[in-house]
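Please open the structure in your viewer and keep the selection tool at hand. The stops below are meant to be taken in order.

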Amino acid sequence: MPNDITPTLPQKLVDYLQPGAPALVLTTGADGYPSSAFTWVVCLDRGRLRFGVDHGGSAMANLARSGQASIQVIGPGDLTYLVKGRSRKIKEHIEAAAPASLMLYEMDVMGARDQSWAGVSTMPLAYEWPAAQRAALLAMEQAVYAEMRDFAA
């Protein structure tokens, strides 16, 4: 049922996130205000997600301080979830993301809230790479997802 909180990830969310997908990482600043950042996320199992965090960004500072985060997932159809949990840095650099400087974080899921609306279909959170760089950037993105999934913490 929409808006129910489950202690683990529902299977349809696991299926969507296992290959990798864009999402938003939500954290709380020292001033108590929320902050959001685009990220890539992969699902390892019903209780763990991995995501990237920019070096030097507000999400990095907020996660270092509290370890608390939420991941907002907006997928095709009625796939809209807010996942919350405790997160920790497991790798200083995601090599496949170079020259971008991203750290790899892992979240232990505490709950997932279905935020879908009955009878409404959402459009997935998406972005479009510049045409001249599209093939190279898509390959890089897939390499990032593979590194995120395959890293042995």
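What follows is a tour of cores, a helix, aromatic rings and salt bridges.

This is a predicted model, in which local features need pLDDT of at least 70 and side-chain atom pairs count only at pLDDT 80 or more, while totals for chains, interfaces and linings use all residues. Residues are numbered from 1 along each chain as its sequence is written, and side-chain values use heavy atoms, with hydrogens and water left out.

**The cores**

Begin by selecting Leu9, Leu13, Leu17, Leu49, Phe51, Ile71 and Val83, which are the residues with the most contacts inside the largest nonpolar core, a set of 25 residues. A nonpolar core here is a set of buried Ala, Val, Leu, Ile, Met, Phe, Trp, Tyr and Cys residues joined through side-chain atoms within 4.5 Å, and buried means under 20% relative accessible area, exposed over 50% and partly exposed in between, with a 1.4 Å probe and protein chains only. Among the elements that give two or more residues to this core are α1 (11-17), β4 (48-54) and β7 (102-114); helices (H or I, at least four residues) and strands (E, at least two) are DSSP runs, numbered from the N terminus. Strand β7 gives the most, with five residues.

Now select Leu17, which touches Val41, Val42, Cys43, Leu49 and Val73, not counting residues up to four places away in sequence; contact means heavy atoms within 4.5 Å. Then move to a second, separate core of twelve residues, which includes Ile94, Trp129, Met140 and Val144.

**Helix α3**

Next, select the buried residues of α3, namely Met140, Glu141, Val144, Tyr145, Glu147 and Met148. They lie on the same side of α3, because they cover an arc of only 165° around the axis, the arc being that of the directions from the helix axis to the C-beta atoms. On the other side of α3, Ala135, Ala136 and Asp150 are exposed.

**Aromatic pairs**

There are three aromatic pairs in the structure. Rings of Phe, Tyr and Trp (its six-membered ring) pair if their centres lie within 6.5 Å, and planes under 30 degrees apart count as stacked, over 60 as edge-to-face and the rest as tilted. Select Trp40 and Tyr145, an edge-to-face pair with 6.2 Å centre to centre and 70° between the planes. This pair links distant parts of the chain, with Trp40 in strand β3 and Tyr145 in helix α3, 105 residues apart, and both residues are buried.

**Salt bridges**

How many salt bridges does the structure hold? The structure holds nine, a salt bridge being a side-chain nitrogen of Lys or Arg within 4 Å of a carboxyl oxygen of Asp or Glu. Select Arg48 and Glu106, whose closest N and O atoms are 3.6 Å apart; Arg48 sits in strand β4 and Glu106 in strand β7, 58 residues apart. Glu106 counts as buried at 2% relative accessibility, whereas Arg48, at 29%, counts as partly exposed. To see the network of salt bridges, select Asp45, Arg48, Arg50, Arg88, Glu106 and Asp108, which are linked in it.

End at Lys91 and Glu147, whose side chains meet in a salt bridge (2.5 Å, N to O), and both of these residues are buried.
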